[in-house]
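Take a look at the model below. This briefing covers one chain and the side it turns to its partner.

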Amino acid sequence: MNNSSWTDSPRLDIIIAALIAIVSTTFALAAWRINMVSSNAGDASRQGILNGIKKQAFTNENWRQTYTEASSAETYAVYLAEVDALDASGNPAAVAQAANLRQYLLPNLQLLANPLATDPIYQNPDGTYNLQKRFDALEAASPDLRDLDPQASFQLADRYYAEQRWLTVATVLLAISLFWLALAEISGKRMRLPTLIIGAGVYGVGLVALAVIEVLFYFLRGGVL
Amino acid sequence: MTESNSQSVPQPVNPDRYKSLVVVLTVITTVITAMVAGLGADANIRASIGNRDSQQYALLAAGELHRQGLQSAYDINVFSGYLTDAQEATIMQLTAGQQGSNSQVAADSLLQSTVDQARADTAQKFSVFYTDSRYAPKTSGGTPDMQAYLTDSTAAAKNLVTKQNAAADDYNRWNHKGDTYTSIMAILAVTLFLFGLAQALSPRLRLLFAVFGVIALAAAGFWTILVLVS
């Protein structure tokens with residue numbers, strides 16, 4: 001009897017209306033947050049692409065330098081072999097020619113071939129040069145390049161996208177909650193309370209889901225909102 | 001008589017008839033709209049990732065092509081230097097033989113041949129066509145496997161281009177799905193309009209508009225399922 005009068009009372013109408021207003025406001029806030037997260041994901045992706053372009057430009061330049069040096073080093077090695085052959089010939093004119101080449105030409109060629117032809121760390125046992133090691137050294141020597149990490153930006157973007165997905169799922173829960181609350185508003189006295197409880201329960205679940213998603217992804221991103 | 005009169009009096013039509021039904025349909029449409037919006041958001045996220053990946057792979061493919069061009073230029077340059085020196089060494093040796101064993105010209109030619117051969121031997125050490133077993137001649141005096149070199153040197157770029165194409169296809173597929181979900185949401189908006197209008201009309205027209213709304217809702221639902229499974 002008491003229960004019946006309570007479900008018929010205008011107070012319940014006010015409670016349902018207030019709940020609908022709260023759920024609608026939460027829905028609007030969640031939609032704003034989803035938009036913000038989506039925007040952050042786009043920004044991180046864009047930053048990743050920009051960093052990738054810059055990094056690729058550095059890498060292209062480093063490969064160009066590596067192969068320019070490799071070409072000079074190969075020329076130096078070939079001339080060195082020529083000078084050694086002239087020296088070894090025993091022919092006085094050839095020996096004199098070798099001495100001049102060794103004194104005037106080879107130092108300049110060696111300068112061009114620097115550091116491949118001068119630094120032992122780049123020299124292979126067979127007399128050739130380790131180009132990959134030289135390229136790696138050039139990459140490591142570019143401080144700007146070290147700071148450019150497109151993958152880190154892409155990873156951050158992926159986490160924002162994942163959060164956006166889960167927030168969308170949580171807002172669908174809010175929409176379902178609105179459905180039940182609206183049913184409670186129009187239901188007869190028997191169905192009113194159960195539908196209200198279901199609506200409020202789904203809203204509670206949605207709200208908890210929103211909070212958990214926010215906290216979880218906040219820590220996953222290393223404290224970035 | 002009194003009984004007959006009471007039977008002929010028409011019952012007043014309840015002006016709120018079907019209102020609850022329309023409200024339920026409106027709320028169901030709202031929930032379906034929220035779900036389609038969620039699916040659309042997911043499709044757009046996947047499209048964005050595909051778009052980003054395709055750009056990244058395009059960038060990497062361009063970089064790899066640039067690197068491969070530099071490497072090929074270097075390899076071919078070393079190889080052609082080796083061939084020139086090796087041929088000059090042979091020609092000078094031939095010239096020395098033609099001049100006779102005691103002449104000065106023959107000795108000079110022989111010296112030049114020795115120098116050219118030393119240069120060729122050194123260049124050969126730098127040439128990938130002689131140091132890499134994949135391309136080195138299989139027999140003495142044979143020629144390097146240039147076709148294998150060409151295939152291998154473009155393999156990395158081709159692989160990146162394949163990935164780029166796959167990512168671009170992914171982008172197109174999800175972008176199309178996202179666009180379709182937007183169209184479905186437009187139909188759902190029309191459905192909501194029909195249900196809203198139904199509430200303001202007489203019971204008979206209310207039912208008619210509710211039926212139109214249900215048809216639109218069913219069409220939107222069917223289209224959503226089609227997009228989901230495609």
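Two residues are in contact if their C-beta atoms, placed from the backbone, lie within 7 Å. Keep that rule in mind for this predicted model. In chain B, residues 24 or more positions apart account for 72% of the contacts with a separation of 6 or more.

**Elements of chain B**
- Chain B has six helices.
- Chain B has zero strands.
- Read from the N terminus, the order of elements is α-α-α-α-α-α.

**Shape and burial**
- The radius of gyration of chain B is 41 Å.
- A compact globule of 230 residues would come out near 17 Å.
- Along the principal axes, the C-alpha atoms of chain B fill a box of roughly 155 × 25 × 20 Å.
- Chain B has 230 residues, and 34% of them count as buried.

**Where chain B touches chain A**
- How many residues does each chain bring to the contact? Chain B gives 37 residues, and chain A gives 41 residues.
- Two helices of chain B, H2 (19–99) and H3 (104–126), each supply at least two residues of the side that touches chain A.
- Which helix gives the largest share of that side of chain B? H2(B) does, with 27 residues.
- The side of chain B that touches chain A has 18 nonpolar residues. Another 13 are polar, and six are charged.

How values were computed
Residues numbered from 1 in each chain as written. Chains lettered and ligands numbered in written order. Predicted model: local features only at pLDDT ≥ 70, side-chain atom pairs only at ≥ 80, totals over all residues. Helix = DSSP H or I, 4+ residues; strand = E, 2+ residues; numbered from the N terminus. Rg over C-alpha atoms; globule rule 2.2 N^0.38 Å. Buried ≥ 20, exposed ≤ 12 C-beta atoms within 10 Å, placed from the backbone. Nonpolar A, V, L, I, M, F, W, Y, C, P; charged D, E, K, R; others polar.
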